[in-house]
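Please examine the structure shown below. The paragraphs that follow begin with the meeting of two chains and then turn to each chain.

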Amino acid sequence: MINIWEVNETNKMVEQENLDVRTITAGISLLDCTDSDLDRLNEKVYEKIVSVARDLVRVGEEIERDYCIPIVNKRISVTPISLVGASVCRSPEDYVTLAKTMDRAARTLGVNFIGGYSALVSKGMAGFDEYLIRSIPQVLSETEYVCSSVNVGSTRTGIDMDAVRLMGEMIRETAERTKERDSIGCAKLVVFCNAPDDNPFMAGAFHGVTETDAVIHVGVSGPGVVKKALEEVRGSDFETLCETIKKTAFKVTRVGQLVAQEASRRLHIPFGIIDLSLAPTPAVGDSVAGILEEIGLEYAGAPGTTAALALLNDQVKKGGVMASSYVGGLSGAFIPVSEDQGMIEAVQAGALTLEKLEAMTCVCSVGLDMIAVPGATTAESLSGIIADEMAIGMINQKTTAVRLIPVIGKDVGEEAEFGGLLGRAPIMPVNPYGCGDFIRRKGRIPAPVHSFKN
Amino acid sequence: MEKQKAVITVVGKDTVGIIAAICAFLAEHGINILDISQTIVQDYFNMMMIVDLERADLPFARCQEELSVIGQKIGVDVKCQREEIFEKMHRI
């Protein structure tokens, strides 16, 4: 039987070390909503979302209460909307109506975000894909809950550079349209390479076409718990360090597994995957950079950071896969700058640069995340940064993503304030030299040689 | 109710009658105590009970609320959680 020490350890993780379940995300397929009439399509989309997820928030709150574990977000992801609207949307404005329907459904249900305003264009953009992409700035400035993502490359297909160029422009336009709020629209827009179909985390969640009709994914968190555990073994060798991270990741993931099973059972929706990611929040002590410091770095970004992060990421996966049979999504350490107090401090101290962050993305999940750059950064430079990050994902057969915020009207030395879980971000300098001739080339970068495995 | 076991934890400044107050409530509502352990660390009272709610005459959520109210009256923090979270975390 469980003993008092084990009970106290679990409760201490929640009460003092910020252990939480970051999200229960209900993935909903909208493929069966397609219609030749736009109004009818909108109606069917609304009905499907609110009927499948009607109990999501209530059940989430019940589980929270039963186990005394905070479940920070209840979210919805849907089939990439470019596909849902393909047969009927004839302009970006047509797609905007679908975004507003998603927003309305999210408001009705009381969820925190709805993801899937997305297009998958890793090998090329169809006309309807381009309509959706061109509608993104308007959507992100006129909706509250909608998150958008575009997959522009993969190891199997190469990188669609036309989409990369277009996304640079769309990020700038989104920033312009939301400049009164420090260009916050860009915080809800992700550009992916090798995007997973079952990611529960925003802003990049969508319900992939390979998924069943409805499914429950759970994302856990817990950087604070890992840091605390490492404090107990300060100065030990690498074996002890790795063992400690693994054991902690196991415990954290088991909580996610329990919550996922319970949510699935109570909602009568099949369980999909657990995403093992260490997701930081701006709260003190809930920082991935804090773990890197505990491993032995003065600041995140110091020499040794990439190695320390690689080690951390790998041990989290090793502990996590033992705890759940179905692990998926992004599953690794997140390194968003604005959402992590330790990362913010590292940038302010001059220890962490955009280039070092790019190196770090080679060894952990996701990519350049929640990074504020000067408002004067050109669309071409943004596309160049996206292309670099996509290339890392394509060559290394991993997911990479870019969520950059060119903060209109602000420059290096100033700070953007997003509030809540999105945090605040010091503006980071971008390499000032041009890449226009490269970005203006038409077409795509071919798939790498190691993708030909057949 | 399908799953019946819950863990009650009590943490706070030690005072007379903490266990009595909790146990009186449990007995009144048909909740059976399966295991109980207690320590005092630096004057702080720390208790854990594993209880069976199979024959409880009130729903789990009410039980949580009422225990919490009893705790407030005595000046301690009383928590009631379903047991699986501990089982899952600490047992393979």
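The contact draws 21 residues from chain B and 18 residues from chain A, where two residues are in contact if their C-beta atoms, placed from the backbone, lie within 7 Å. This is a predicted model, in which local features need pLDDT of at least 70 and side-chain atom pairs count only at pLDDT 80 or more, while totals for chains, interfaces and linings use all residues. Residues are numbered from 1 along each chain as its sequence is written, and chains are lettered from A and ligands numbered from 1 in the order in which they are written.

On the side of chain B that touches chain A, the largest share, seven residues, comes from α3(B). Helices (H or I, at least four residues) and strands (E, at least two) are DSSP runs, numbered from the N terminus.

Chain B also holds an open sheet of four strands in the order β2-β3-β1-β4, with antiparallel pairing; two strands pair if DSSP finds at least two bridges between them. Because β2 (32–41) and β4 (76–82) of chain B stand at the edges, each with a single partner strand, one side of each lacks a neighbour in the sheet. Strand β1 (residues 5–13) of chain B is joined to β4(B) by seven bridges, and the two run antiparallel. T9(B) stands opposite K79(B) in β4(B).

In chain A, helix α10 (residues 288–295) and helix α11 (residues 305–323) pack at an angle of about 110 degrees, with their axes 10 Å apart. Axes are lines fitted to C-alpha atoms, for helices over the stretch in contact, and angles run from 0 to 180 degrees between N-to-C directions. The residues in this contact include I291(A) of α10(A) and L312(A) of α11(A).
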